Every structure is written in structure tokens, then in C-alpha cells.
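This report goes through the packing, the charged pairs and the backbone of one protein model. Please keep the structure at hand while reading.

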Amino acid sequence: MFGYRIDIEHPAWLSLLVAIPLIWWLSYRSLSGLGRWRRWFALGLRSLIIVLLILALAELQVVRSSQRAAVIYVLDQSLSVPPTQRAAMVDYVDQEILKHRNRDTKDLAGVVVFGGDPAVEVPPFADDVHIPRVESLVDREHTNLSAALKLAQASFPEDASKRVVIISDGNENLGNGIEQARAMSQAGIGIDVLPVRYLPQAEVAVEKITIPPDVNRSQPFELKVVLNNLSTPELPNGGVSRGKLKITRKTQDGDVVLAEQDVKLEPGKRVFSIREQVDASNFYTYEARFIPNTAADDALPQNNIATAYTHVRGHGQVLLIEDAENAGEFKFLIERLREKEEFEITVQSSNDLFTSLPQLQAFDTVILANVPRDQFSDEQIKMLVRNTQQMGAGLIMLGGRNSFGAGGWTNTELEAAMPVDFQVKSAKVKAIGALAMLMHASELSTGNYWQKVIAKNSINALGNEDYCGVVQWDGTNNVHWLWSEGGMPLIKVGGNRETKMLRRIDQMNPGDMPDFDAPMISASVAFSKLADAAVKHMIIISDGDPSAPKSSTIASLKAQRVVVSTVEVGTHGQAGSQGNTLTAIANQTGGKYYAVKDAKALPKIYQQEVRKIARPLVFEKPDGFTPQIAYPHPITQTIDSLPPITGFVLTQKKDNPLVEVAIVSPVPSDEATRTILATWTYGLGKTAVMTTDAGARWATQWTQWENYDRLYSQLVRWSMRPTAEQGKFTISTELHDGKVRAVITALDKEDDFLNFLEMNAAVVGPDMKPSDLKIRQTAPGRYIGEFDAPDSGNYFLTISPGEKMMPIRTGVNVPYSPEFLDREPNESLLRTLVELKPRDGQPGKWIEAKSPGRSRMEQLLETDTFRHDLPPAGSSQPTWHILLLIAGCLFFGDVFVRRVAVNFAFVAVAAGKLRNKLLNRQQEVKTEYLERLRSRKREVGQQVDQMRAATRFEPTPDAPPPLPDALDRELQSSSAPPKKPPARPGTTGPESEEEDYTSRLLKAKKKAQDEREQK
């Protein structure tokens, strides 16, 4: 009735109602002292309170029924659906809503689009929907029907019957659509399906390449390629496709084509195999590519490539990176390691570096041989660190004037990976350098931005004891320093780097200075106050417009041994137009002149110049000193003494117990800076530093030393990934549902299962972001880990089986999306969805056009998706809070009845008093009325007496008019005074006179009336 009903969410709580008779029985006797009526009233209140509490626990709800329907259309926008089909489904939705939506019941319509992720294109609302085009951005390379259905279910309003209309090919590759659809049917949601079908077309896909993940060097193995012709025999030529199959082996050194042959593919799968043998250990990528003869033989080019990885094991692989400007500096070390220790060493120049993490996977150790930081990009530094931390490779830095802090590596990620700090923080080390940067606003559109970038990079590259200042021309034609302390514009970096310097750089806004002289004079004065600065350097960035400084200014800077380097950023894309002034400044002070066309090159130039400030970090003693072995480390095994050296780069041991310092220097005086050789474990890999060189400058006597080969070979071998077999581990990977599953089988040397290993692993994806991989044991010797692989590309896994066990490396290539493999709709899945029967409703409808003689759209619109074959929906309103409020109020009533005795005798007394008060009020009103009448009568009587006194009263025509009839009647009835007892005979008084007067007055009135009637 009225569309409302009562519903109870948890009826089991109603069983507590059986306790009410028991409560009555217990309470009836305990409340006997209240009297009969109070006892029954208290029992009634108590019972009502208990009933309300039980109904609140059972969640009594008021449900309002609704006859309107809500339909959400779920549209597949993945790449497996052709664009023409995606446009057609939008047109169908518009016409279906326009034709069948009931506007009287305010039916609702909405649209959800999906690919790998869903999005609400149109939320359900009571109006016609028109979608000119789909605007929501979704991942089109995957199909996640489950997520789309879940979002649609969450978007439905409560007060409407619910139905989804799925328009898709059903080829899901993420999630489980059937599981989600079953949950929806249990919730009473109906499902209709409009299948998307494709027109027949030729299509060939390279499904996969299979190769062993690990092989030994010179070991033959078989490579298999699986091609799948997805065409149907109904196509012309029986669906046969022709083209070429090309198989390529790729490394960082180049590509080698292994096979290229013509193929003729019948519909179905075909496997091609070749024998392969690799004589050099490395990490190899194999690519198989199908090239169709004509475009008609292949519809989708995206699925024509597949790749796979394998690791060819051999002797230790070492990558040595050397400075391009000092090529051949480590030639002696390379030759000795190759000849004597049989390491396979690859040399890379700093101007031709690796560009991706896969290129580093072939190497067990990377050596940075006196290479400056400015030769590496930030991304390349991250790759080096990730290769060690997450992939277990070794990392060694050798000393030289371009390494460690002297090479500008301070405050980089690589410094964090090393066992020493490149900044010398000891108070015993004097301030070593001072840098002044002169900033001039040029006409370059992004000039100010890049000046901030290079200023920050320069400050980060300086040590804590270095001095730094930034001078610019402000808007008031004055020289302005960004910071100062005690009148000193050049201040120490330590303690001011974050709090003052970098913060002020963000606020910097240099002006267009008219000349160089004023700021250079100010800088010269600032340098003169720094007596302890061993190196004084100034960098000027400008477009060259300001006028040249005076010769006296240049002389002052030269007298203080201040080196000035200049950087010209030419306006309008040209450099060198004003180079004479800047070139002269650099030449006169011993600096260097740079002319750049692109402002993006400025950071690298500044890194090169800032390295000059760090030169005092190099400790040199021409007469030499002998390093000492301080710790029995595997690197120094069987070595008792070392030859003298003449120098090394100052560093400071990290304050960490994992750091092991194996070789130290006897000088300088500060022990914290004497490290020659230090090592530690960083993540899954090992890092080491040798702060002296390998014999080119400082360790020249080592090249004739009999233990030279042993020291450096033990250093390299210690850092490499372990090669000794501790057990037998095999790893397999499989891609499913957007996840990579790694299965590891662990056996010992006797082929028994290795159980209860504490495995940990790391994964580095195509985006270079590392992530941990959780591995659990699921069976004897069997371990499984799984990680998300949403993007196509290379994923590298490094698995550590446990303490003192070698890491396991493998690579996984996630090829093109599975969207490009399915060319037929998954009709079995879609029919399973439509056959699900919702609770209290009817199964869904299969929407399809079958009659060739009629319009397809007309046939599709014959199915009313807004039909009412689902149970009416209802919006429930919880009442537990109202029930609790009423029960709480009644509880106070129950306490009042039991604790307060009320005597109702006062009711009768109060009623009597009220009645008397009402009667008295009525009497007062009547008395007041009579008094008004008497007062009026007296007034009339006085008027009559006055007329009678003035003339003899006889009824004549000229007599005064009689009293009004109304007054006469009123005097005769209501206003007549109560009759008085007759006067005693022989007596007179006011009463008799008044009566005689009244009678006469009545007679006179009567006579006057008779006379009027006669006339």
C-alpha cells in the first residue's frame, strides 16, 4: 500500500522476542510494590523498549518500491574492436534509449566504456542520452570486462531495477568477467548482450619465440618461432597468407640476421625452428618478425613481432668505461686482465655510452675508470645504480683527477651506492675552493630557467667546505648578491646548501646588466677576503652584450689567481656573435670560453667548470708514500705489501659497519680521508672504490709489481656476480592476465629439493622503476612469485635464493597486447553471461540481427532493454537510529513510573476548582451586562424627567417622540428590574413612584401609536 513495505535485514534477531514472557514473569513479582495499574504500565513500557531494541538490531527498514528501470550500456573500446564497430555501438545506444526509455516513469540510462580500465562516459540520469563520440580515455591495449561490470554495478541508483547491456567481442585478457557477472545476478541485476562480430579478413600473428633462458657458451640450442594465421578459409585464396619470416639476434654491439625466408601460411599455427650457437657470453635478444608480401595478407601489423631473451654464460663479463678525452689511459690494466685472467672485457668510451638497462645485463661488473660525471646523463647514472642494487652486478670506481668528488660525482645516486662519501666532511681538511657565478639575463626565451638549473647543479656538485656565491644585476642598476653572511657574499656550502642557497636560487631574477666591470669588481673584493681558498673560480653566463671590464679589474682577478670561464648563449639561436668580449675575459684569466646554441647544454658545461673547484680533493706527494693493508680482505689475499704511490683522491669512509676498508694511506694527517681501497654490499650487488689510479699517473711503480695482476683480478672477481654453483635452480616465466608469474625449482647437488629458502627478488620494468617481488614456497623445491606487467617491454628479474647463494637472473619480454591475437568474438563467454538469471527476475536477452532482408539497426531495436521483467526496486530507509531514540526516551519513562509515586486525587480537586472558576466568570459577565442596562435606563429616565419638568405631560401632537421601540422592548424584558414586593398600604417610596411612572409612560406610548394609525 502507498508503495511502501517493511523489511528486516537480519530476521534472526527477532528470536529474542521469545524472552519477553520471561521478562514479564520475572518483573511481575519484582514490581508488585508498585500497585496494580503502575505495575502493568511499567511492564508495558519495558516490553515496548525491548521490542524496539530487537527491531533495531534486526535493522528494520522502510522500503519504498519503484517501477522505474535503470540501464547502463557497457561499450568495449579496446583495439580488438574495429573503429567502425565502435562507432556503430554508440549509434545503437542513442537510438535504443530514444525509442524505449519510458519518460513517464523517469527511466535512467547511462554509459560505461572500457578497455584495460573502465570509465563512466555518462552517469545514469533520467533523460535521453546522446553521445557524439566517446571522450573518456581508457587503456585500449587490454580488455577488462570484469572491471567494467564492477564499475557499472557501483554506478546504479538504489531505487530502480538494474540492467547492463554488454556490447563487446568478449575477448577479455584481464580479470574474470563471469565471476563478476555472477555476483551481479545475485544482486538482481540483469545482463543483456550484443556481440561484436568482425568482418572476415586476413591476419597473421607472431605468437612467441621459445629459447632456453640460460645456455653455456658454445652450447648449441634450438630456437622456435610460432606463427598463427588467424584467417578463415572463407577468404579468397582459402585464407592463405604469404610473406617473409626474419629472425634477428640483438646485442648492444649490433644486430645479426640469423634467418630470412619466404613463408606460405595456411590458416592455423605453424612452428619454425633453427639451430643456434653463441661463442661469446652475453645477454642476447632474439626477434622474430613477419613481413607480409601485401597489406591484404595481414590486417594488424602490431602483432608481427615477438622477442625473447637468453643469457649465454662464459667467463666473467666486464664493462670498462673510460674518458673519451683520455682514451687508452687504462690500456695496460685491460691487457693484463684479458691475457692473464681471461676476463672478457668490453671497453666503452664516455662519448658512446649504453642507453638502456638491457645493455648492462650482459656484464657481471662495470668499472668506471677515471670518468667525469658530466659524461653521464641522470638516467644513465640511475641505470648503473639499478644494475647493482636490483640486478646484482658489481660496480667499481677507479681513481684519477676526473673521479669521485674531483670528477663532479658529489651528491649523485652513484655516491650513495659507494662505500665512501665523495665530500670530505672532516674539519681537519681546509676549505678547498671558491666559486662565484655571474648571472646575466639574456634574450633567450628560457634563459632565466636554465640559469636556475645550472646554479643548482653547481651548488650540488660543491663540497661542504667550498665557498659559493651568485651575483646578478637587479632592477635598480645595482650589483646584487643572492646571499651573504657577515658581509661575506661567498659563504660555505655546508649548512647553507638547502636552507639558503637552493631556496634563494628559486627566487632569482637576473636583470640585463650594462657592463661586466661592476659585478667583476664586486667578485674580486669577495675573493680577496678568502685567504684559505686554494682554488678560486668564476663563471660568467651572458649573451655578450655588456661592455668589457676594465683592465684594472682583470689585473685584480689575475693577482688573486681567479680563473674566469665564460659561456656565451647567442641570441636568436646564434652563438659567437659577441664572442670577442667573453673570449678575451677567458683568455686573460686562464679560463675557458664556451659558445652554445642550445641552452640545454649549459648544465653539462657548468659541471665541467665546477670540477675545477674540486681539484684540491686530489692529494699528491711527489716523493711518494707506501699504502698499507689495514684489513684481511679477499681482494688483498696473499698480498703482504704494496709499492709506493704518489697520489689519490680524498674521500671519506661512510659511517656504516658494512663498509670494509682494506687499504689505507699513511698520509694526510686526517685518518678519515686516507682510504685507498674500500668495499661493501649494496642491495643485491657489490661496490668497491680504488682511490688511486691503475698505473698511468700515481701508481706507476705498480705496473712492474709482480702482484699487479692478482690485486686487480681479485678486485674484479670479488665484485662480480657469483659463478660457483651452490645448487641447481631453474626458472620459468609465463604471462597471464597482465601478470608475469615466475616459477623457480630449487635442487641441491644431489638433486634433492631445497626447501624453506628465504628468497627475495627485484624486478626492473621498462620504465626503469624497481619493485620488490614476493616469493613463496608452494611445494617441495617449488617457489612462485608474481608481479604486474601492464606495459609492453623488457622486465628483468634478479632472484636471490638465500645467503651465500648466487643470484638468479632472467629477462621477460612482454610482447604486443593480446588484443591483437583474437580475431573472433568469445561467444561462449558472452552466452554464459546472458544466461545468468538474476534474483527474482528473468535471464537476459541475446541481441542480434539475423534477417538479411531487414535493416540491422531495426532488428537490434526490437529488443527493449528497458523492459520490466526484473523485480521492482526499492530504496530502503534504515530506522535503527529512530528506534533507538524512541527506546531511549521510553527508558526514562520506565524509570519514572517505577521510581516516582503519583497520586491522581489532585485531578478531581483541580477539576472542581476549574469548574467554579468558569461559573464565576459567567456570573460576572451577566452582572456586567445588567449593570450596563440599568445605567442606560437611568440616563433615559433623567431625560424624561427633564422634559416633564419643563412642560405638563399630556399626549399632544407636539409631544416629544416616544422612546424607540427597541429600547422599549429591552426595558420591558431584559432591562426591567426584578419585581419588588408590593408596598404596604398607606406607604410610598421610590418603588411605587417608579412603577406609577412606568405605567403612565407605557400608556402614553400606546396612545401615540393609536393616533398615528388613525391618521
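A residue counts as buried when its relative accessible area is under 20%. The model discussed here is predicted.

**An enclosed helix**

By that cut-off, seven of the nine residues of helix H14 (residues 602-610) are buried, so the helix is largely enclosed by the rest of the structure. The buried residues of H14 are Leu602, Pro603, Ile605, Tyr606, Gln607, Glu609 and Val610.

**Nonpolar cores**

The largest nonpolar core holds 41 residues. Which of its members touch the most other members? They are Leu398, Trp702, Leu711 and Tyr712. Helix H15 (residues 708-719) gives this core its largest share, six residues.

Setting aside neighbours within four places in sequence, it is in contact with Pro627, Leu642, Pro643, Pro644 and Ile645, among others. The list of contacts also includes Thr692, Tyr708, Leu711 and Tyr712.

Cysteine 468 sits in strand S22 (residues 467-473). Its relative accessibility is 0%, so it counts as buried. Residues up to four places away in sequence are again not counted; beyond them, cysteine 468 touches Leu435, Met437, Ile459, Leu462, Trp483, Pro489, Leu490, Ile491, Val493 and Met501. Serine 484 is 16 residues from cysteine 468 in sequence, and their C-alpha atoms are 10.0 Å apart.

**A nonpolar surface patch**

Tryptophan 13 is placed in the loop between strand S1 (4-8) and helix H1 (19-30). With 39% relative accessibility, tryptophan 13 counts as partly exposed.

**Salt bridges**

The count of salt bridges comes to 27. Three of them are set out here.

| Aspartate 869 | Arginine 163 | 2.4 Å |

Take the pair of aspartate 869 and arginine 163, joined by a salt bridge. Aspartate 869 lies in the loop between helix H17 (856-860) and strand S43 (873-878), and arginine 163 lies in strand S6 (residues 161-168), so the pair ties together parts that are 706 residues apart in sequence. Arginine 163 counts as buried, at 3% relative accessibility. A network of salt bridges links Arg163, Asp192, Arg867 and Asp869.

Glutamate 413 is partly exposed, with a relative accessible area of 33%. Arginine 386 is buried, with a relative accessible area of 14%.

What about arginine 133 and glutamate 135: buried or exposed? Arginine 133 is exposed, and glutamate 135 is exposed as well.

**Backbone features**

Most residues other than glycine have a negative phi, and most peptide bonds are trans. Some exceptions follow.

Phi of lysine 106 is near 55 degrees, a positive value in a residue other than glycine. Lysine 106 lies in the loop between helix H3 (83-100) and strand S4 (108-114). With a relative accessible area of 53%, lysine 106 is exposed.

Phenylalanine 404 also has a positive phi, near 55 degrees. Its place is in the loop between strand S19 (394-398) and H8. Phenylalanine 404 is buried, with a relative accessible area of 0%.

Which peptide bond is cis? The bond from valine 667 to proline 668 is, with omega near 5 degrees. Proline 668 is found in the loop between S32 and S33.

Threonine 673 lies in the loop between strand S32 (660-664) and strand S33 (675-682). Its relative accessible area is 0%, so threonine 673 is buried. A polar atom of its side chain lies 3.0 Å from the backbone oxygen of aspartate 670.

Conventions
Residues numbered from 1 in each chain as written. Predicted model: local features only at pLDDT ≥ 70, side-chain atom pairs only at ≥ 80, totals over all residues. Heavy atoms only, no water. Core = buried A, V, L, I, M, F, W, Y, C linked by side-chain atoms within 4.5 Å. Buried < 20%, exposed > 50% of the residue type's maximum accessible area, 1.4 Å probe, protein only. Helix = DSSP H or I, 4+ residues; strand = E, 2+ residues; numbered from the N terminus. Contact = heavy atoms within 4.5 Å. Polar contact = N/O pair within 3.5 Å; in protein donor to acceptor, adjacent residues only side chain to side chain. Salt bridge = Lys/Arg side-chain N within 4 Å of Asp/Glu carboxyl O.
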